[in-house]
Amino acid sequence: MVNFLIFGPPGSGKGTQSVKLAEKFNLVHLSTGDMLRAEITAGTELGKKMSSIMAKGELVPDEVVIEMIAAKIDAAKGTAGFLFDGFPRTVSQTIELEKMLGKRGMKIDSMLVLDVEHDELFKRLILRAELSGRPDDKDPAVIENRINVYKSKTEPIINYCRENGIYQPVNGMGTVDDIFVRLSDKMRKFV
Ligand code: B4P
C-alpha cells in the first residue's frame with residue numbers, strides 16, 4: 001500500500017488534482033472538505049454545527065475530522081492506497097493519522113506540497129465562488145483568513161514531515177495539466 005498527502009493553501013489545487021491522481025494511480029481519495037460539505041448538504045446535526053465554522057474560514061475541531069477519516073480508512077480495506085486531500089490540517093491531526101495508519105500496518109509515504117503565489121490563490125477562489133457558490137470562497141476577508149489559518153495552523157506540518165524525509169515540494173503554478181504531470185512524476189516513484 002502507498003499513501004500520499006496532498007498539501008497546500010486554499011486554492012492551491014489539492015481537490016482538483018486529487019480527483020485526477022486518484023483515478024490514475026487507483027487510490028482512494030479522502031477529502032475532509034468534501035466529507036464536511038456532504039454533511040452540510042444532507043442537513044445532519046454535524047453539518048449544521050460545522051457550517052458556520054467553515055463559512056468563517058476556520059478549521060473544524062480535530063476530533064470531528066479524525067473520526068470521519070478513521071471510518072473511511074476502515075471501510076476501504078483492500079485498496080492500493082489512500083490519497084489524503086485537505087487532511088491533516090494541524091500537527092495533532094498528523095500525529096493521529098500516523099497512529100491510525102501505524103495500527104493498521106501502514107504509513108504516509110509522501111507529502112506532496114503545492115506551492116502557489118498568494119494572488120493566484122485569491123484569483124482561483126474568487127472565480128470558483130462565481131461557479132460553485134461556496135460561501136467560504138465568496139468573501140475576500142474569509143479567503144484571507146483561510147490563508148492565515150493555513151500559515152499558522154497547517155504549514156507547521158511541513159517542518160514536522162520534513163524531518164522524516166517525506167516532504168516533496170511541487171510547483172503549483174501553471175495549467176491543471178502541467179501540475180498534474182509534475183505530481184504524477186513524483187508519485188510514480190512510489191507505485
Ligand atoms: P477544502 O475543501 O479542503 O478546501 P480548499 O482548501 O479551499 O481547497 P480545494 O481543494 O477545495 O480547492 P482547490 O485548491 O483544488 O476545505 C474547506 C474547509 O473545510 C476549510 O476551510 C475548513 O473549514 C474545513 N476543513 C476541511 N478539512 C479540514 C480538516 N482536516 N481539519 C479542519 N477543518 C477542515 O481549487 C480551488 C479552485 O482553483 C478551483 O475552482 C479550481 O478549479 C481552481 N484551480 C485549481 N488548479 C488550478 C490551476 N492550475 N489553474 C487555475 N485554476 C485552478
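**Close-up views of the predicted model**

**Figure 1. The largest nonpolar core.** The largest nonpolar core comprises 30 residues, and those with the most contacts inside it are L36, I69, I73, F84, F87, L97 and M111. At least two residues of this core are supplied by each of strand 1, helix 2, helix 3 (45–55), helix 4 (62–75), strand 3, helix 5 (91–103), strand 4 (110–115) and helix 9 (156–163). Helix 4 gives the largest share, six residues. A second, separate core of 15 residues includes V2, F25, L27 and V170. A nonpolar core is a set of buried Ala, Val, Leu, Ile, Met, Phe, Trp, Tyr and Cys residues joined through side-chain atoms within 4.5 Å; buried means under 20% relative accessible area, exposed over 50%, and partly exposed in between (1.4 Å probe, protein chains only). Helices (H or I, at least four residues) and strands (E, at least two) are DSSP runs, numbered from the N terminus. The model is predicted: local features need pLDDT of at least 70, side-chain atom pairs count only at pLDDT 80 or more, and totals for chains, interfaces and linings use all residues. Residues are numbered from 1 along each chain as its sequence is written, and side-chain values use heavy atoms, with hydrogens and water left out.

**Figure 2. Strand pairing around strands 1 and 4.** Strand 1 (residues 4–7) pairs with strand 3 (residues 82–85) in the parallel sense over three bridges, and F4 has L83 of strand 3 as its bridge partner. Strand 1 also runs parallel to strand 4, to which four bridges join it; here I6 stands opposite L112. Five bridges connect strand 4 with strand 5, again in the parallel sense, and L114 has V170 of strand 5 as its bridge partner. Two strands pair if DSSP finds at least two bridges between them. Five of the six residues of strand 4 are buried, so this strand is largely enclosed by the rest of the structure.

**Figure 3. Contacts of M111 and Q168.** With neighbours within four places in sequence left aside, M111 is in contact (heavy atoms within 4.5 Å) with L5, F7, I157, I158, C161, I166, Y167 and Q168. Q168 belongs to strand 5 and counts as buried at 17% relative accessibility.

**Figure 4. The ligand surroundings.** The ligand is surrounded by 30 residues, and the closest are G13, G15, T32, E58 and R146; a residue is near a molecule or strand if one of its heavy atoms lies within 4 Å of it. A backbone N or O atom of G13 lies 2.6 Å from a ligand oxygen atom, while an N or O atom in the side chain of K14 is 2.9 Å from an oxygen atom of the ligand. A polar side-chain atom of Q93 lies 2.9 Å from a ligand nitrogen atom. A polar contact is a pair of N or O atoms within 3.5 Å; within protein, one must be able to donate a hydrogen and the other to accept it, and residues adjacent in sequence count only if both atoms are side-chain atoms.

**Figure 5. T90 in the loop between strand 3 and helix 5.** T90 is located in this loop and counts as buried at 12% relative accessibility. The T90 side chain reaches the backbone nitrogen of Q93 at 3.0 Å. Not counting residues up to four places away in sequence, T90 touches L59, D62, K153 and I157.

Figure 6. A22 is part of helix 1 (residues 14–25) and is buried, with a relative accessible area of 8%. Apart from neighbours within four places in sequence, A22 is in contact with L27, H29 and L83. R188 lies in helix 10 (residues 176–188) and counts as partly exposed at 42% relative accessibility. Leaving aside neighbours within four places in sequence, R188 contacts K24 and F25.
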